[in-house]
Amino acid sequence: QVFQASTTAPVNIAVIKYWGKRDPKLNLPTNSSLSVTLSQLDLRTHTTASCSSSFSSPDSLTLNGSPQDVSSARTQACLRELRQLRRQLEDSDTKLPKLSEMPLRIVSENNFPTAAGLASSAAGFAALVRVIADLYQLSSTPTELSRIARQGSGSACRSLFGGYVAWEKGTEADGSDSVAVEVAPVSHWPEMRALILVVSAEKKGVSSTSGMQATVATSTLFPERAERTVPKRMEEMKKAILDRDFDTFGKVTMRDSNSFHATCLDTDPPIFYMNDISRAAVRMVEEINQAAGKVIAAYTFDAGPNAVIYYLAENEHAVAGLFKNILGSKDGWAGSRGSAVQSNSE
Ligand code: DP6
């Protein structure tokens, strides 16, 4: 007999960035972070998990058809925790099939090119944890599962929810209170849109995992960001979302992205994630906002050159329309080097 479950998980893009770990093994962050979840119609990971006593050991994992290393410490941490929760169920009800003892086969597909440099580990680990929780019929809440997904990749803990999600850094050494919580569902602010400018599809030069460790170890700007700047911004951002105040949402988003990239530049040796095209996107957004006389577009950059631009549906023409025109024209800003993926929040 084969037991099986399938699920999908969305991509999330942080507007207050996670950068820095106080515990690299458990992925415990030095500061809280906050993200907007993108629509699964555009960007998501679909994962199927099955288990059977007839499967051969060890567990296996494929992503877009290629076998992945299931023995990595991160994947093992997630599988171990999920099996432990299943074992508790099996111990309390001995009639349940012993799924926790069976080898797992996990098959994942992204509906976007992994090579596009878009955050795929977040959706990937969120889908992996959710699907095994479903397979094992665990009654855990998304927040409880976020504690497990965090150990796969920090940002993955935010992809267990839709809408606006905070990852509270927590203070416990075992990470039990370092979890994701919903700030507001997507229905609270359904006009939110995201435009992703794929500046480069190449794999990033410095991975976020090693980049943030280097920043923590060497940047003197970093403690200021983690201890003072971000805690204040978390509160401003939550309020802006609850008030549907795009002006504050946009300003805080852009300043936090710039603050994160400033600590990267302040790392020894310096880390550059943004390039000339990224900076041209920043200037475009500045011009759009100047022409509008208020903030109607906000950029943010993760650990790579691609821009994510947030705006409201009512400004579709002024923001997305303009970027698409430029991308479409031969002699335009990015020429043929960029492409755009549009997404609703979800
Ligand atoms: C810049 O979650 O990829 O996207 O925990 O080491 O897997 P690990 O790092 P990861 O880092 C994401 C960094 C970021 C900011 C963010 O998503 O908050």
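Leaving aside neighbours within four places in sequence, which residues is Asp134 in contact with? In this predicted model, Asp134 is in contact with Ala5 and Thr7 once those sequence neighbours are set aside.

Asp134 belongs to helix H2, which covers residues 121–135. The residue counts as partly exposed because 15 C-beta neighbours lie inside 10 Å, and the partly exposed class falls between exposed, at 12 or fewer, and buried, at 20 or more. Leu79 is 55 residues away from Asp134 in sequence, and the C-alpha to C-alpha distance between them is 13 Å.

Helix H2 lies across strands S1, S6, S7 and S9, and runs at about 145° to S1. Five strands form an open sheet with mixed pairing, in the order S1-S6-S9-S7-S8. S1 and S8 are the edge strands; each has a single partner strand, so one side of each is left without a neighbour in the sheet. Strands of a sheet pair through backbone hydrogen bonds, either parallel or antiparallel. S7 and S9 pair in the parallel sense, over four bridges. Thr62 has Val107 in S9 as its bridge partner.

| S1 | 3–10 |
| S6 | 44–51 |
| S8 | 66–67 |

The ligand is surrounded by 15 residues, and the closest are Ala14, Tyr18, Ser153, Gly154 and Ser155. By residue class, the shell around the ligand holds five nonpolar, eight polar and two charged residues.

Terms used. Residues are numbered from 1 along each chain as its sequence is written. This is a predicted model: local features need pLDDT of at least 70, side-chain atom pairs count only at pLDDT 80 or more; totals for chains, interfaces and linings use all residues. A residue is near a molecule or strand if its C-beta atom, placed from the backbone, lies within 6 Å of it. Ala, Val, Leu, Ile, Met, Phe, Trp, Tyr, Cys and Pro count as nonpolar, Asp, Glu, Lys and Arg as charged, and the others, Gly among them, as polar. Helices (H or I, at least four residues) and strands (E, at least two) are DSSP runs, numbered from the N terminus. Two residues are in contact if their C-beta atoms, placed from the backbone, lie within 7 Å. Two strands pair if DSSP finds at least two bridges between them. Axes are lines fitted to C-alpha atoms, for helices over the stretch in contact, and angles run from 0 to 180 degrees between N-to-C directions.
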